[in-house]
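Let's take a first look at this protein together. Have the sequence and the 3D view ready, and we'll go from the overall layout down to a few residues.

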Amino acid sequence: MPESTLTDQDIDRIIEMAWEDRTPFEAIEAQFGLAEEAVIKLMRRELKASSWRMWRARVQGRATKHQAKSRVTDARFKSTLQRSITFNKISKRG
């Protein structure tokens, strides 16, 4: 999806995903078709200067923003107290 066809809602979601620590640029590219460079340009255009500097400093060198550099394979949190779902019924604590 080219940058010119993005809706305001798409831009808001891209900014939200870019701020998230565990969302890699590859996920943004898969969903919206914007490579890392395009996301950086979009962020520079859409954010205030101070927010841009803060985001750029935060993202630069962060391994979790790049799937190839990240050691995290499944970033979803699962509590040790959470039990598995059996037969579509959530197991209850006894």
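A contact here means heavy atoms within 4.5 Å. Take the contacts in the protein between residues at least 6 apart in sequence: 58% of them join residues at least 24 apart.

A word on what you're looking at: this is a predicted model, where local features need pLDDT of at least 70, side-chain atom pairs count only at pLDDT 80 or more, and totals for chains, interfaces and linings use all residues. Residues are numbered from 1 along each chain as its sequence is written, and side-chain values use heavy atoms, with hydrogens and water left out.

As for pLDDT, it's the predictor's confidence in each residue, from 0 to 100. The protein averages 78, and 66% of the residues score at least 70.

The protein has four helices and two strands, in the order α-α-α-α-β-β along the sequence. Both kinds of element are DSSP runs numbered from the N terminus (helices are H or I, at least four residues; strands are E, at least two). Among the elements, α3 has the highest mean pLDDT (94) and strand β2 (residues 89-90) the lowest (50). Where pLDDT is low, the predicted coordinates should not be read in detail.

Now for the inside. Of the 94 residues, 29% are buried, meaning under 20% relative accessible area (1.4 Å probe, protein chains only). A nonpolar core is a set of buried Ala, Val, Leu, Ile, Met, Phe, Trp, Tyr and Cys residues joined through side-chain atoms within 4.5 Å. The largest one has 19 residues, and Ile14, Ile28, Val39, Met43 and Trp55 touch the most other members.

Let's zoom in on Ile14, which lies in helix α1. Ile14 is buried, with a relative accessible area of 0%. Setting aside residues up to four places away in sequence, Ile14 touches Leu6, Ile28, Phe32, Leu34, Val39 and Leu42.

How do α3 and α4 meet? Their axes come within 8 Å and cross at roughly 150° (axes are lines fitted to C-alpha atoms, for helices over the stretch in contact, and angles run from 0 to 180 degrees between N-to-C directions). That makes the two helices, α3 and α4, roughly antiparallel, a label used for angles over 145 degrees. Ile40, Met43 and Arg44 of α3 make the contact with Trp52, Trp55 and Arg56 of α4.

Note on methods
Buried means under 20% relative accessible area, exposed over 50%, partly exposed in between (1.4 Å probe, protein chains only). Angles under 35 degrees count as roughly parallel, over 145 as roughly antiparallel, 65 to 115 as roughly perpendicular and the rest as oblique.
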